[in-house]
Amino acid sequence: MTAIGSEREAGPFAAERRAENVVAAVPLRLQRLDASHLAATRRWANDPELMRLLDRAEPVSEAEHAAWFAALTHQSDRRYFALELGDERRHVGNAWLWQIDRRHAKAEVRIVVGEAAAQGAGIGTRALEAIAEIAFGELGLTRLYAYTLGFNPRARRAFEKAGFVVEGLLKNDRRLADGFCDVYLLGRNHLSRCGG
Ligand SMILES: CC(C)(COP(=O)(O)OP(=O)(O)OC[C@H]1O[C@@H](n2cnc3c(N)ncnc32)[C@H](O)[C@@H]1OP(=O)(O)O)[C@@H](O)C(=O)NCCC(=O)NCCS
């Protein structure tokens, strides 16, 4: 027997949409990255599929990871947030502002929803909206931008849903194991930057 509503939810990405309905009501917090988030962060940094989607070339050793985290506290041009889901604060990913440029009031946004089970449920979009709120509010930035690889339409779509627009296509911008690939540049400008 077909469950009520299953026909309505059929089609591409229907499973993602069903998961999104369940997760949409669960609170999502952006928490400053701390030592409790390090193990998962390294696991995602070394996951082959995530490395491919994030264009990471080399795995990170435990010592490199610890040194990277120790250096973070002194680096004012980047800010890392853990994505924590639900009251139990399940760490499902990270989002960060990179190359924060105070003079030009802008930064790059990067994100990984590392837990595979949490992908495709709207968490990435919500996290990008939340990080934009922090960037445009507390940090006083007025422009955010991001790069997504041409073969990663899910990332492009999540940024678009969070208010970013495609500003450019960088042809054959990155060299990968099996050839070169295009990169999309997406941007989101605060109204005040546009004279509004
Ligand atoms: C990219 C990422 C942050 C997106 O977060 P997410 O929570 O999975 O995404 P969301 O559920 O918020 O939105 C995904 C959207 O992409 C759509 N989508 C999924 N696969 C797609 C595909 N192959 N083609 C087009 N759209 C696709 C979904 O349907 C959804 O859009 P919709 O709500 O309009 O249907 C997350 O999947 C992730 O971290 N992936 C691995 C690492 C990565 O790619 N990071 C980004 C590097 S720039």
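## Order of secondary structure

Along the sequence, the protein chain of this predicted model runs α-β-α-α-α-β-β-β-α-β-α-β-β, a total of six helices and seven strands. Helices (H or I, at least four residues) and strands (E, at least two) are DSSP runs numbered from the N terminus. Residue numbers start from 1 along each chain as its sequence is written. Because the model is predicted, local features need pLDDT of at least 70 and side-chain atom pairs count only at pLDDT 80 or more, while totals for chains, interfaces and linings use all residues.

## Burial and contacts

Of the 196 residues in the protein chain, 23% are buried. A residue counts as buried if 20 or more other C-beta atoms, placed from the backbone, lie within 10 Å of its own. Among contacts (C-beta atoms, placed from the backbone, within 7 Å) with a separation of 6 or more, 57% join residues 24 or more positions apart.

## The largest nonpolar core

A nonpolar core is a set of buried Ala, Val, Leu, Ile, Met, Phe, Trp, Tyr and Cys residues joined through C-beta atoms within 7 Å. The largest one holds 35 residues, of which Leu 83, Ala 95, Val 109, Leu 128 and Ile 131 touch the most other members. At least two residues each come from several elements, including helix H2 (38-45), strand S3 (90-101) and strand S7 (179-189). Helix H5 gives the most, with six residues.

Leaving aside neighbours within four places in sequence, Ala 95 is in contact with Leu 30, Phe 81, Leu 83, Val 109, Ile 111, Ala 127, Leu 128 and Ile 131.

## Leu 30 in strand S1

Leu 30 lies in strand S1 (residues 28-32) and is buried because 20 other C-beta atoms are within 10 Å. Not counting residues up to four places away in sequence, Leu 30 touches Phe 81, Leu 83, Ala 95, Ala 127, Ala 130, Ile 131 and Ile 134.

## Packing of H5 against H6

The axes of helix H5 (residues 123-136) and helix H6 (residues 153-161) come within 8 Å and cross at roughly 45°. Axes are lines fitted to C-alpha atoms over the stretch in contact, with angles from 0 to 180 degrees between N-to-C directions. H5 and H6 are therefore oblique to each other, a class left after angles under 35 degrees (roughly parallel), over 145 (roughly antiparallel) and 65 to 115 (roughly perpendicular).

Gly 124, Thr 125 and Leu 128 of H5 make the contact with Ala 158, Phe 159 and Lys 161 of H6.

Definitions and conventions
Two residues are in contact if their C-beta atoms, placed from the backbone, lie within 7 Å. A residue is buried if 20 or more other C-beta atoms lie within 10 Å of its own, exposed if 12 or fewer, and partly exposed in between; C-beta atoms are placed from the backbone.
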